[in-house]
Amino acid sequence: MNGSYSFHISSRQHAIKNKKQLVSFYKHILRLYQEKKGTYDKDKIIELIDYVKVFNKSFSNELLEYNNKQKRDDRKIDDYFKHVESSDKDIAVEIIIQISDKYYWDENPDKRKFMEDVYREQIKDLQEMFPNLIITNAMLHLDEASPHIHILGIPKATDYKRG
């Protein structure tokens, strides 16, 4: 096997700061732009984790605790996603992992079928290494020259007085 391993994390101008950028991320990883061209093959895009379910659960306890401390209703937060989005902070980070290169996959196309299990293990490893990164979505792309995974995560900090 060729010894390449690629790991990219979004930051600065590539960070996901609002719903518009999040929608753009999903259009790319779900290949929705290809639907119009008629080249979309949903069998080659595999969603490994559902973003919406994880995001909603991730901050429910903290939000409830915060809202219970508020004496005035106008200080309570109804939608934490909208609250964070309006603060211009990163609401998510994208990680892209690719194992090996195009030449390896050209020579070994039969090994693509094992990549779903390989990348599921990569997700578990990431969760162990970075417990404060809440992985909300993982999408395996088998439709390009080299199989790769797009991971969306929420960086979660603790012990802040103001949320």
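Which residues form a nonpolar patch on the surface? Tyr5, Phe7 and Ile9 do. This is a predicted model, in which local features need pLDDT of at least 70 and side-chain atom pairs count only at pLDDT 80 or more, while totals for chains, interfaces and linings use all residues. Residues are numbered from 1 along each chain as its sequence is written, and side-chain values use heavy atoms, with hydrogens and water left out.

**View 1. The nonpolar patch of Tyr5, Phe7 and Ile9.** Together the three residues have about 310 Å² of accessible area (Shrake-Rupley method, 1.4 Å probe). A patch of this kind joins nonpolar side chains within 5 Å, from residues with over 30% relative accessible area and no salt bridge (a side-chain nitrogen of Lys or Arg within 4 Å of a carboxyl oxygen of Asp or Glu). Tyr5 lies in strand S1 (a DSSP run of E, at least two residues). Tyr5 counts as partly exposed because its relative accessibility is 45%, and the range for that term is between 20% and 50%.

**View 2. The surroundings of Lys17.** Lys17 is found in the loop between strand S1 (5-9) and helix H1 (19-29); a helix is a DSSP run of H or I with at least four residues. With a relative accessible area of 23%, Lys17 is partly exposed. Beyond its neighbours within four places in sequence, its contacts include Arg12, Glu85 and Asp88 (heavy atoms within 4.5 Å). Lys17 and Glu85 are 68 residues apart along the chain, and 6.2 Å separates their C-alpha atoms.

**View 3. The aromatic pair in the structure.** The structure holds one such pair (ring centres within 6.5 Å). Tyr104 and Trp105 form this pair, which is edge-to-face, at 5.0 Å centre to centre and 85° between the planes; edge-to-face applies to planes over 60 degrees apart. Both Tyr104 and Trp105 are buried (under 20% relative accessible area).

How values were computed: Buried means under 20% relative accessible area, exposed over 50%, partly exposed in between (1.4 Å probe, protein chains only). Rings of Phe, Tyr and Trp (its six-membered ring) pair if their centres lie within 6.5 Å; planes under 30 degrees apart count as stacked, over 60 as edge-to-face and the rest as tilted. Patches are made of residues with over 30% relative accessible area and no salt bridge: like charges are joined within 9 Å, nonpolar side chains (Val, Leu, Ile, Met, Phe, Trp, Tyr) within 5 Å.
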